[in-house]
Amino acid sequence: MDSPCREEWGLSDYTQDDVYLVNRAQEGYFDAYQELASRYAVRMYRTALRLLSNHEDAQDVAQDASINAWRRLEHFRGQSAYSTWLYRIVTRLALNKLQRDKPVDSLELLPDLPSADDSPPENLERHEVIDAVTDAVAALPIPQRVVVVLHHFEGLSYAEVAAITGSSVPAVRSHLFRARRSLTYTLREWR
Amino acid sequence: MSEAKSAERSRDILRVLTVACGRSVDQLLEQVADGHADELDSHQADCVHCQAALSELNSLWSPVVEFAKQPVQAPPGLVDNVMDRIYALAQDVWYTLQLSDIGAVKIAARVVGRLARDTARTVPGVRAALGRTSQGRIVQLVEAATRRHRHPHAAVGVLGRTAVVDIAVAVRYGEDVHEVAAEVQQRVIARLRHDVGLQLVNVNVTVDDVVI
């Protein structure tokens with residue numbers, strides 16, 4: 001699926017450049033890594049923000065994800081796109097934060113993960129619709145929230161979401177089916 | 001249609017698995033959510049049930065579309081904070097430029113690397129340049145260079161006024177690669193001698209890409 005968001009942010013345009021920069025960063029060129037960090041800062045922060053619904057937590061997670069990526073860079077073998085690898089790191093850190101620092105060993109989209117409907121957003125200045133969607137997304141069970149954020153807000157394909165979450169395309173689709181029903185039902189008064 | 005009737009209709013479509021023609025509500029909602037509500041297949045083109053459902057679901061999904069369009073800016077300083085922490089984590093190498101009884105003036109090797117990179121980018125034909133200092137080589141040179149005249153204020157890892165800089169450059173297609181590389185060396189050496197005061201500067205240029 002290619003959403004307007006994906007085209008707007010030019011995800012695919014970065015791929016070839018990323019390989020060059022990642023190779024140089026692995027050789028110790030700090031400015032190559034700085035370019036990568038700059039390139040993905042918005043996406044890391046936005047993903048964390050939409051998973052956590054909290055600016056400060058999202059900022060912390062985005063920073064930690066970027067630093068963790070640098071620490072693990074020597075282990076990145078290019079088997080996936082660099083962006084996919086980064087999304088996996090930031091998603092894992094955000095989920096750890098959501099679960100109050102309890103470690104998440106796997107992002108496998110298990111149905112028994114607890115709901116996080118007790119973490120309301122704090123930003124009161126946004127438009128009411130935006131607040132309503134934020135609430136509705138935050139009320140989704142964590143596996144559904146993750147796939148909605150990655151697919152509908154970050155514009156990633158089912159296959160990319162499956163790779164990031166360590167799941168399968170059918171599982172991602174199944175969670176999306178349920179998430180969309182929940183969101184549309186919750187937001188029916190806001191259209 | 002009244003709001004109450006509209007809300008009731010929304011609840012209805014979200015309560016059923018299929019519309020009257022048998023098409024899956026989930027798949028119609030997927031079509032809408034992925035931005036393909038207007039791309040009707042041959043069945044949908046003739047099916048009033050599908051068309052009504054797509055229209056209704058499109059309306060229901062609209063708040064999410066609006067949300068997704070909201071621009072999000074990265075917090076100011078996020079990348080700077082990241083790089084500061086990374087630099088702190090990395091073992092730094094320092095060039096000592098002046099030593100006296102009151103202390104030492106030092107410049108981080110990464111500053112030298114950055115100056116070299118920025119200078120290399122001024123050379124015509126260079127499309128991208130990345131600079132680094134050769135840490136491993138520096139450590140070896142440090143021991144040799146400071147063995148006989150190590151100053152009390154100079155910590156191990158200090159290399160006086162000598163720099164070894166590696167620069168990777170991407171050269172524009174059609175340029176004379178040797179000329180561009182030589183110009184990079186000359187400009188970087190001049191810049192580091194003039195701006196930083198380094199005396200012995202070795203600049204290794206690696207042309208590792210040609211871009212159009």
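Axes are lines fitted to C-alpha atoms, for helices over the stretch in contact, and angles run from 0 to 180 degrees between N-to-C directions. The legends below describe a predicted model, in which local features need pLDDT of at least 70 and side-chain atom pairs count only at pLDDT 80 or more, while totals for chains, interfaces and linings use all residues. Residues are numbered from 1 along each chain as its sequence is written, chains are lettered from A and ligands numbered from 1 in the order in which they are written, and side-chain values use heavy atoms, with hydrogens and water left out.

**View 1. Helices α8(A) and α9(A) pack at an angle of about 105 degrees.** Helices are DSSP runs (H or I, at least four residues), numbered from the N terminus. The axes of α8(A) and α9(A), the latter spanning residues 169-186, are 8 Å apart. The two helices are therefore roughly perpendicular, a term for angles of 65 to 115 degrees. Contact (heavy atoms within 4.5 Å) involves Tyr158(A), Ala159(A), Val161(A), Ala162(A) and Thr165(A) of α8(A), together with Val169(A), Val172(A), Arg173(A), Leu176(A) and Arg180(A) of α9(A).

**View 2. Helices α7(A) and α8(A) cross at roughly 135 degrees.** Helix α7(A) covers residues 142-153 and α8(A) residues 158-165, and their axes come within 10 Å. This angle makes α7(A) oblique to α8(A); oblique angles are those left when under 35 (roughly parallel), over 145 (roughly antiparallel) and 65 to 115 degrees are set aside. Val146(A), Val147(A), Leu150(A) and His151(A) of α7(A) meet Tyr158(A), Val161(A), Ile164(A) and Thr165(A) of α8(A).

**View 3. The largest nonpolar core has 87 residues.** Such a core is a set of buried Ala, Val, Leu, Ile, Met, Phe, Trp, Tyr and Cys residues joined through side-chain atoms within 4.5 Å, where buried means under 20% relative accessible area, with a 1.4 Å probe and protein chains only. Tyr33(A), Leu36(A), Tyr82(A), Phe153(A), Leu183(A) and Leu57(B) touch the most other members. Helix α3 of chain A (residues 30-52) gives the most to this core, with 12 residues. Leaving aside neighbours within four places in sequence, Leu183(A) is in contact with Ala136(A), Val137(A), Leu140(A), Val148(A) and Trp61(B). Another core, of 20 residues, lies apart and includes Ala120(B) and Val171(B).

**View 4. Trp190(A) lies in the segment after α9 of chain A.** With 34% relative accessibility, Trp190(A) counts as partly exposed, between the buried limit and the exposed one of over 50%. Beyond neighbours within four places in sequence, Trp190(A) is in contact with Glu128(A), Val129(A), Ala132(A) and Pro63(B).
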